[in-house]
Amino acid sequence: MAKAQAMGALLTILVVLATSAEMAHGICNLSSNGIRACQPAAAIRNPTDQPSAVCCAALAGADLPCLCRYKNAAGVWVRFYRIDINRAMGLPGKCGLAMPANC
């Protein structure tokens, strides 16, 4: 029983570390600098009305279908970037980009 609990804890730690490393370098062709450029428009508190040109350029180069797969990982976005995932999902539209229909 103790071994199973230790393995479960280790697995949890590895998942958190892998997610942390992935977010540190960006995700879905959206660099960490691109994510930071979009943060003001998707902020949890006091977001800006429109994303910056730098944010829109970063989103234009991002893999939007890939980003859709991360929308249910809201805790990661909140923890690392203080981003409201619902606002973040609206940014491509504000930049004139089309999100995938099944997103």
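Helices here are DSSP runs of H or I with at least four residues, numbered from the N terminus. This is a predicted model, where local features need pLDDT of at least 70, side-chain atom pairs count only at pLDDT 80 or more, and totals for chains, interfaces and linings use all residues. Residues are numbered from 1 along each chain as its sequence is written, and side-chain values use heavy atoms, with hydrogens and water left out.

**Helix α6**

Select residues 85–94, which make up α6. Ile 85, Leu 91 and Pro 92 are buried (under 20% relative accessible area, with a 1.4 Å probe and protein chains only; exposed is over 50%, partly exposed in between). These three sit on the same side of α6 because they cover an arc of only 90° around the axis, taken from the directions from the helix axis to the C-beta atoms. Turn to the other side of α6: Asn 86 and Gly 93 are exposed there.

**Asp 84**

Next, pick Asp 84. It caps the N-terminal end of α6, with a side-chain oxygen 2.9 Å from the backbone nitrogen of Asn 86. Asp 84 also forms a salt bridge with Arg 87; the closest N and O atoms are 4.0 Å apart. The rule asks for a side-chain nitrogen of Lys or Arg within 4 Å of a carboxyl oxygen of Asp or Glu. The count by this rule is one salt bridge. Asp 84 is partly exposed at 23% relative accessibility. Arg 87 is partly exposed too, at 32%.

**The cavity**

Now look inside. There is one cavity of 30 Å³ or more (a set of points on a 1 Å grid over the protein atoms alone, where a 1.4 Å probe fits but cannot get out; lining residues have an atom within 4 Å of a point). The largest cavity has a volume of about 190 Å³. Select Leu 30, Leu 59, Leu 67, Trp 77 and Ala 88: of the 15 lining residues, these are the closest to its centre. Helices α2 (32–42), α4 (64–68) and α6 each give two or more residues to the lining. The largest share, five residues, comes from α6. By class, the lining has 15 nonpolar, no polar and no charged residues.

**Two loop residues**

Go to Cys 28, in the loop between α1 (2–24) and α2. Its phi is near 55°, positive in a residue other than glycine. Cys 28 is buried, at 11% relative accessibility.

Finish at Asn 46, in the loop between α2 and α3 (53–60). Phi of Asn 46 is also positive, near 50°. Is Asn 46 buried or exposed? At 74% relative accessibility, Asn 46 counts as exposed.

Conventions. A polar contact is a pair of N or O atoms within 3.5 Å; within protein, one must be able to donate a hydrogen and the other to accept it, and residues adjacent in sequence count only if both atoms are side-chain atoms. On a 1 Å grid over the protein atoms alone, a cavity is a set of points where a 1.4 Å probe fits but cannot get out, and a pocket is an open set with protein on both sides within 12 Å along at least five of seven lines; lining residues have an atom within 4 Å of a point. Grid points are joined across faces, edges and corners, and a volume is the space filled by probe spheres set on the points. Ala, Val, Leu, Ile, Met, Phe, Trp, Tyr, Cys and Pro count as nonpolar, Asp, Glu, Lys and Arg as charged, and the others, Gly among them, as polar.
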